[in-house]
Amino acid sequence: MNLGERIYLLRSRKGFSQGELADSLNVSRQAVSKWENNSAVPDLERIVKMSEIFGISIDELIKGETPEGSSREALKSEPPQVLRNPPMPARKIAGLMLFGMAFITSLVLFAIGGFQGLLFGIPFLVFGLISFFCEKYTLLKCLWALYLMLTLFLRMAMGISVSRLRYIFSSDAFITEKTIIALCMAAFIVFLIFFTVKKLKEEPVKNLSSAKKKLIIITAALICVSALYICFSAVFVPRIVDKLSSEGAHYIVYNIVYYMGLLEELFAVSSLTAVLSLALRIRKKTNNQ
């Protein structure tokens, strides 16, 4: 029995799928498939990790031998098994279903409303691409794609942004439909940041000093970009507008500021998420040393 067959047999005994074993070893599912088909050999680090996962020695995993020979006899007693191609993962099936929904939605709405109807098939197409091609953090990536599409739609089509919430605290403000949507979007952003940090904080930090430098750079970029946008929109824009007499020029300036706000919001949310997850990973690495 060769190494690939032993890996397949031990994985099957543990009840692991190729994807689950791959996640435990921080490799792709294709890598595990190549090992089991003897088209590639795992490196020493992965072999040590697999021996811990399967609860056997390295010699037993590589050679099928132990000092007592009991595990070897157990492996020999197993009937020969034919390696079969694994079934299509559920995420790929979901991706194909989303492709079909994108096609049907676009076709039906195109027939009803023309070319604008094609836009409603884009979300299904994006989620389908992510589900079909992304092996790791599929749901997380779909949520970030949803956040990006919602932010673009609400900003460009309805003029709604999370920054609209500041009007709640003005003296003559009252709750409107747009404010409620902005509140829901803010709640979704908080959930997205929390969910992302919870998922990414378990990722191992390979180089502690490099991770700390990256944390400092991202934090500094977040502070600088936010401060520059606030200064530009609150200080410089009013002065620029006062010097412009044309209404068309005013419109152009305010549109520039509006879309700069969109980019600043996207950058702030993604950077804040990266800072929080990286800080927790560094803290975990430091505590384990």
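Where do the axes of helix H10 and helix H12 come within 9 Å, and at what angle do they cross? The views below take up this crossing after an overview.

This is a predicted model, in which local features need pLDDT of at least 70, side-chain atom pairs count only at pLDDT 80 or more, and totals for chains, interfaces and linings use all residues. Residues are numbered from 1 along each chain as its sequence is written, and side-chain values use heavy atoms, with hydrogens and water left out.

**Figure 1. Overview of the chain.** The chain has 12 helices and 0 strands. Helices and strands are DSSP runs numbered from the N terminus (H or I, at least four residues, for helices; E, at least two, for strands). Along the sequence the pattern reads α-α-α-α-α-α-α-α-α-α-α-α. Of the 289 residues, 32% are buried. Buried means under 20% relative accessible area, exposed means over 50%, and partly exposed lies in between (1.4 Å probe, protein chains only). The chain exposes about 18,300 Å², with 66% supplied by carbon and sulfur atoms. Accessible areas come from the Shrake-Rupley method with a 1.4 Å probe; for residues, only the protein chains shown count as cover. Among contacts between residues at least 6 apart in sequence, 64% join residues at least 24 apart. Contact means heavy atoms within 4.5 Å.

**Figure 2. The crossing of H10 and H12.** Two packed helices are described by the angle between their axes and the distance between the axes. Here H10 spans residues 177-200 and H12 spans residues 247-288; their axes come within 9 Å and cross at roughly 35°. Axes are lines fitted to C-alpha atoms, for helices over the stretch in contact, and angles run from 0 to 180 degrees between N-to-C directions. The crossing is right-handed. That term applies if the near helix is turned clockwise from the far one by less than a right angle; anticlockwise is left-handed. From H10, Ile-189, Ile-193, Thr-196, Val-197 and Leu-200 take part. Their partners in H12 include Val-269, Leu-272, Leu-276 and Leu-280.

**Figure 3. Glu-265 and its surroundings.** Glu-265 sits in helix H12. Its relative accessibility is 10%, so Glu-265 counts as buried. Leaving aside residues up to four places away in sequence, Glu-265 touches Tyr-147, Thr-151, Arg-155, Ser-161, Val-162 and Ile-189.

**Figure 4. Salt bridges.** The structure holds 5 salt bridges. A salt bridge is a side-chain nitrogen of Lys or Arg within 4 Å of a carboxyl oxygen of Asp or Glu. One of them joins Glu-36 and Arg-11 (2.5 Å, N to O). Glu-36 lies in helix H3 (residues 29-36) and Arg-11 in helix H1 (residues 3-14), so this pair ties together parts 25 residues apart in sequence. Both Glu-36 and Arg-11 are buried. Another pairs Arg-46 with Glu-45 (3.4 Å, N to O). Arg-46 counts as buried at 16% relative accessibility, whereas Glu-45 counts as exposed at 59%.

**Figure 5. Arg-91 and Glu-135.** The side chains of Arg-91 and Glu-135 meet in a salt bridge (4.0 Å, N to O). The pair links distant parts of the chain: Arg-91 is in helix H7, and Glu-135 is in the loop between helix H8 (122-133) and helix H9 (138-158), 44 residues apart. Arg-91 is buried at 17% relative accessibility. Glu-135 is partly exposed at 31%.

**Figure 6. Leu-146 in helix H9.** Leu-146 lies in helix H9 and is partly exposed at 28% relative accessibility. Val-126 is 20 residues from Leu-146 in sequence and 9.0 Å away in space, C-alpha to C-alpha. Leu-146 touches Phe-127 and Phe-188, not counting residues up to four places away in sequence.

**Figure 7. Two loop residues with positive phi.** Asn-26 has phi near 60°, a positive value in a residue other than glycine. Asn-26 lies in the loop between helix H2 (18-25) and H3. Tyr-137 has phi near 55° and is found in the loop between H8 and H9. Asn-26 is partly exposed at 36% relative accessibility; Tyr-137 is partly exposed at 24%.
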